[in-house]
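Subject: The structure, and some notes on it

Hi,

Here is the structure I promised to pass on to you. Please have it open while you read, as the notes below go through it piece by piece.

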Amino acid sequence: LKNCRQEVVGCVQDPDCKQALDCLEGCGLNDQVCSYRCIVSHESPLFEQFSLCNLQKHNCLRHDVQRPELPVVEPMTTFRGAPLTHEAAEEIFIGWMGSDVPEAEKQEWSWKVVCGQNPAYDYFPCQHQIFYHIGKSFWYDPVFKVTTLAGDEVWRRRHYRVKRGKKPGTFFFTVLDNGVVSDEYWRIVEVAPDMSWALYYYAGVASAAGQAYQGAVFCTPDGQWPPLSELEKVKAAHAKCGIELWELYQVDNCDCAGAPLTLEQPKKKK
């Protein structure tokens, strides 16, 4: 309390921020579904300041959690008959916003999620993946819809810094999510040659919050399943991650109008 008195008092005196704390207190110690539902329902600047000071800066809970290393999931090594390069892997992420996509087929997003493995993070409706470069930096902004615990529908957005891993098709993602830093290791597992679908696997940790997690997201240009003719290939791609299709959580992409898809702009230096 001596390190974060202002942030603690500010949060407990604000009804919305206090509601977030009360909600989290009702979750089990490692119930990530419950915890993240509380966070996305009640996120606010005051809650972010509370978490940033108490958890991220001062590690008041004394957590030291590591990112999961198993299962070992390898990235794809070739794409369209050529060895996968770092540059080609980034273009795959950029997807349907890419410069080589015909104007008539371009989207305001890179990919939309069809389904995912993690029940805490991959089930939200209308998950738009937006990958883009600003200068030499590479960024990822997921935009998704949340039905809060109060029953309201709101849009949420995150802003990840993305850096290349050692192998082409591997990446390290970093984000400040409601005051807590999450570090994630992503792999491009498989992509159809015509970019009609893609499978990404990730493992991450929010060490200061004591949370380690992993999951996979299956994506298409419009968030709908690809043709039935692709089913066996899709199954085989998930099998590389040790995932069966019945384990996945279907994303509701029925009402996605109004998503805030404007790209983050770099802040001007004073």
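Leaving aside its neighbours within four places in sequence, which residues is valine 217 in contact with? Please keep in mind as you look that this is a predicted model. The partners of valine 217 are Val113, Cys115, Gly116, Asp122, Gln129, Trp186, Ala198, Leu199 and Tyr200. Valine 217 itself sits in strand β11, which covers residues 211–220. Its relative accessible area is 4%, so valine 217 is buried.

Now the whole chain.

The protein chain has six helices and 12 strands. For 270 residues, a compact globule would have a radius of gyration near 18 Å, and the 19 Å of the protein chain agrees with that. If you want to set up a box, the C-alpha atoms fill one of roughly 60 × 45 × 40 Å along the principal axes. Of the 270 residues, 48% are buried. The chain exposes about 14,200 Å², and 53% of that area comes from carbon and sulfur atoms. Among contacts with a separation of 6 or more, 58% are between residues 24 or more positions apart.

Next, a pair of helices.

Helix α2 (residues 15–25) and helix α3 (residues 32–42) have axes that come within 9 Å and cross at roughly 175°. An angle over 145 degrees counts as roughly antiparallel, and therefore α2 is roughly antiparallel to α3. On the α2 side, the contact is made by Asp16, Gln19, Ala20, Cys23 and Leu24, while α3 contributes Ser35, Cys38, Ile39 and His42. By type, the residues of this contact are five nonpolar, three polar and one charged.

Back to strand β11 for a second residue.

Alanine 212 also lies in β11. Is alanine 212 buried or partly exposed? With a relative accessibility of 26%, alanine 212 counts as partly exposed. Beyond its neighbours within four places in sequence, alanine 212 is in contact with Gln32, Val65, Gln66, Pro68, Gly204 and Val205. Serine 182 is 30 residues away from alanine 212 in sequence, and the two C-alpha atoms are 9.3 Å apart in space.

Some loops are worth a look too.

The loop between β3 (111–116) and β4 (128–134) holds cysteine 126, and tyrosine 121 has its place in the loop between β3 and β4 as well. Cysteine 126 has a positive phi of about 55° although it is not a glycine. At 2% relative accessibility, this cysteine 126 is counted as buried. Tyrosine 121, leaving aside its neighbours within four places in sequence, is in contact with Gln32, Tyr36, Gln127, Tyr202 and Tyr213. Between tyrosine 121 and valine 33 there are 88 residues of sequence separation, yet their C-alpha atoms are 7.7 Å apart.

Asparagine 178 is another non-glycine residue with a positive phi, near 55°. You will find asparagine 178 in the loop between β8 (170–177) and β9 (180–191). Its relative accessibility of 9% makes asparagine 178 a buried residue.

Threonine 148 belongs to the loop between β5 (137–147) and β6 (153–157). How does threonine 148 count at 7% relative accessibility? Threonine 148 counts as buried, since buried means under 20% relative accessible area. Leaving aside its neighbours within four places in sequence, the contacts of threonine 148 are with Arg37, Ser41 and Val154.

One last item concerns the backbone. Which form does the peptide bond from leucine 70 to proline 71 take? That bond is cis, with omega near 0°. Proline 71 is placed in the loop between α4 (45–57) and β1 (78–79).

Happy to talk any of this through when you have had a look.

Best wishes

Key. Residues numbered from 1 in each chain as written. Predicted model: local features only at pLDDT ≥ 70, side-chain atom pairs only at ≥ 80, totals over all residues. Heavy atoms only, no water. Axes fitted to C-alpha atoms, helices over the stretch in contact; angles between N-to-C directions. Helix = DSSP H or I, 4+ residues; strand = E, 2+ residues; numbered from the N terminus. Parallel < 35°, antiparallel > 145°, perpendicular 65-115°, else oblique. Contact = heavy atoms within 4.5 Å. Nonpolar A, V, L, I, M, F, W, Y, C, P; charged D, E, K, R; others polar. Rg over C-alpha atoms; globule rule 2.2 N^0.38 Å. Buried < 20%, exposed > 50% of the residue type's maximum accessible area, 1.4 Å probe, protein only. Areas by Shrake-Rupley, 256 points an atom, 1.4 Å probe, with all protein chains shown as cover.
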